[in-house]
Amino acid sequence: MSEKPANAPEQAGCRPRMTLNLGPQHPSTHGVLRLMVELDGETIVKAECEIGYLHTGIEKECEQKYYQQAVTLTDRVDYLAPLANNLCYCLAVERLLGLEVPPLAEWMRVMLTELTRLNSHLVWLGTHALDVGAMSVFLYCFREREDILRIFEMFSGQRMMTSYFRIGGLALEPPRGWHGVVKKFIDAFPGRVDEYEDLLTRNPIWLRRTKGVGWVSLEDLLDCGVTGPMLRAAGLAWDIRKAEPYSGYQRFDFRVPTRTEGDVYARYQVRLEEMRQSARIVEQAREGMPSGPYKADAPKVVLPDRERMKTDMEALIHHFKIVTEGFRVPAGEVYQVVESPRGEMGYYVVSDGTARAYRVHMRTPSFGNLQAVPKMIEGRILADCIAVLGSVDFVLGDVDR
Amino acid sequence: MLPDSLREQPVPAALEAWDPAAIRSGKWDRGELTLEIAPEKIVEVARYLKQEQQFERLSAVTAVDWHPAEPRFEVVYNLHSVGRNQRLRLKCRLNGQAAEIDSVTAVWRSADWYEREVFDMFGVVFRHHPDLRRLLMPENWEGHPLRKDYPVHGYKYRYADPEG
């Protein structure tokens with residue numbers, strides 16, 4: 001045989017290396033990530049991420065739509081935390097407009113965004129544990145997720161793409177009876193987190209698969225653009241809700257959990273503790289929820305009530321104007337950041353004074369976090385790669401936009 | 001030249017003292033600090049801000065296309081310092097004919113994908129980038145979708161007209 005096999009060693013004396021394509025269609029890549037790994041035996045020598053399979057041009061689309069129409073696009077960016085996206089975009093445009101939202105809307109935004117965090121972390125925990133081999137955790141997590149989706153449906157009529165936050169407040173008045181439903185869920189929730197911990201925290205297989213895996217130094221994480229729970233698991237107590245409070249987060253009492261180990265297990269611990277803290281915030285927001293209007297009194301920006309349009313000529317005109325022409329936003333630029341379940345989410349919105357955004361750039365947490373993945377898996381075995389991918393908790397819609 | 005209103009602020013003042021030619025203009029708007037930097041100085045300024053002023057994080061790199069105005073492109077760097085709890089935006093204006101700027105990947109590794117994305121979407125070339133390829137669009141794609149003269153439906157396909 002004179003022909004060399006395809007995976008022949010490049011240098012004499014080396015073992016043959018194999019290049020393996022993980023994805024873009026692979027269950028443990030949680031979407032359409034393509035990971036190309038070069039293997040020496042079972043050890044990963046080199047890894048490279050290929051993205052763009054879910055690129056939908058949302059940023060371009062935002063330039064074509066009126067400001068208020070683009071809210072529904074932001075849901076689709078990080079589809080596991082749509083309300084965090086809504087919030088970030090609305091806050092950015094409200095800052096450009098100089099618009100204040102009423103207290104009820106602020107508190108409701110905090111409460112629902114924290115429920116979104118729970119929702120997102122539950123999907124992460126379920127799928128991550130499933131990847132590593134613990135099937136039943138998935139069923140437990142999706143049981144609670146269903147309750148949260150029912151709450152979202154009660155508020156907005158939608159389970160996932162709620163678009164419930166609008167520029168200037170909320171889309172609809174909070175439904176009757178929401179207090180009882182949220183209280184019932186949040187009273188039971190800490191016990192549910194205990195159940196997940198019973199299944200995993202001291203589970204020997206879970207410990208063997210996650211402890212000491214995926215470690216990268218804090219400096220490298222910062223340098224690679226990693227944010228959110230992964231940084232906190234490496235020891236940096238930085239949470240945007242505390243550092244640069246928005247939407248009234250300074251009113252709430254919660255802790256920023258940190259670990260110092262920086263491995264997959266530490267990330268698991270940080271996120272579980274975050275779920276407990278989020279539940280505390282939801283409970284505080286539910287208890288202290290102020291009354292009053294749910295949207296700002298800004299007739300040229302916020303749509304009027306349906307009932308008022310039937311009797312009030314002015315309301316009808318405003319409705320017609322906003323729907324057909326949008327509203328003008330003063331020229332300028334803002335970079336609004338929020339702490340999404342995955343880390344720093346930033347909307348850079350540039351206005352040229354018209355009714356459409358001139359440029360919207362979404363600094364999404366998954367994009368930054370994914371850049372650090374090759375560093376976490378190079379030099380480790382292939383099975384660790386699956387555990388690391390789960391612990392990064394990226395959403396491909398969030399990466400590709 | 002740094003406007004007088006910004007001389008009180010420590011970061012712009014320090015940067016001005018370090019290299020008077022680096023800052024072209026600046027503004028403080030809606031609680032955010034923006035500095036326009038001379039494009040040829042961007043790497044030195046970035047290194048100075050990271051090493052001397054604690055801006056250890058590059059939050060994002062993006063661009064804005066002001067077509068048909070010239071200079072056409074604005075490359076925007078959103079920096080963040082966890083220690084100072086402060087954000088800073090740097091801008092470089094580039095001509096449409098020579099949309100090239102030095103890469104800051106040597107200062108912050110996170111710039112890698114962000115610069116590739118800007119190259120992909122706007123066609124701005126980052127000199128000395130280790131691996132400047134398209135990131136999101138297919139490798140053989142023609143054009144740069146986020147440019148203002150790029151139609152929303154693209155050049156190639158026509159959806160509306162069944163005859164075309």
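Helices (H or I, at least four residues) and strands (E, at least two) are DSSP runs, numbered from the N terminus. This is a predicted model, in which local features need pLDDT of at least 70 and side-chain atom pairs count only at pLDDT 80 or more, while totals for chains, interfaces and linings use all residues. Residues are numbered from 1 along each chain as its sequence is written, and chains are lettered from A and ligands numbered from 1 in the order in which they are written.

Start with a loop in chain B. Pro71(B) sits between strand 3 and strand 4 of that chain. The bond joining Glu70(B) to Pro71(B) is cis, with omega about -5 degrees. Pro68(B) lies in the loop between strand 3 and strand 4 of chain B. The peptide bond from His67(B) to Pro68(B) is also cis, and its omega is near 5 degrees.

Now look at the sheet of chain B. Five strands form an open sheet in the order 1-2-5-4-3, with mixed pairing. Two strands pair if DSSP finds at least two bridges between them. Strand 1 (23–29) and strand 3 of chain B are at the edges with a single partner strand each, so one side of each has no neighbour in the sheet. Strand 4 and strand 5 of chain B pair in the antiparallel sense over nine bridges. Glu74(B) stands opposite Arg93(B) of strand 5.

Next, find where the chains meet. In total, 27 residues of chain B are in contact with 29 residues of chain A. Contact means that the C-beta atoms, placed from the backbone, lie within 7 Å. On the chain B side, strand 3 gives the most, with six residues.

Move to chain A. Helix 4 (residues 103–132) and helix 16 (residues 382–392) of chain A pack at about 180 degrees, with axes 9 Å apart. Axes are lines fitted to C-alpha atoms, for helices over the stretch in contact, and angles run from 0 to 180 degrees between N-to-C directions. These two helices are therefore roughly antiparallel (over 145 degrees). Thr127(A) and Ile386(A) are among the residues that make the contact.

Ser247(A) is not glycine, yet its phi is positive, near 50 degrees. Ser247(A) has 22 C-beta neighbours inside 10 Å, so it counts as buried (20 or more others within 10 Å, with C-beta atoms placed from the backbone). His128(B) also has a positive phi, near 65 degrees. With 11 such neighbours inside 10 Å, His128(B) counts as exposed (12 or fewer).

How values were computed: Two residues are in contact if their C-beta atoms, placed from the backbone, lie within 7 Å. Angles under 35 degrees count as roughly parallel, over 145 as roughly antiparallel, 65 to 115 as roughly perpendicular and the rest as oblique.
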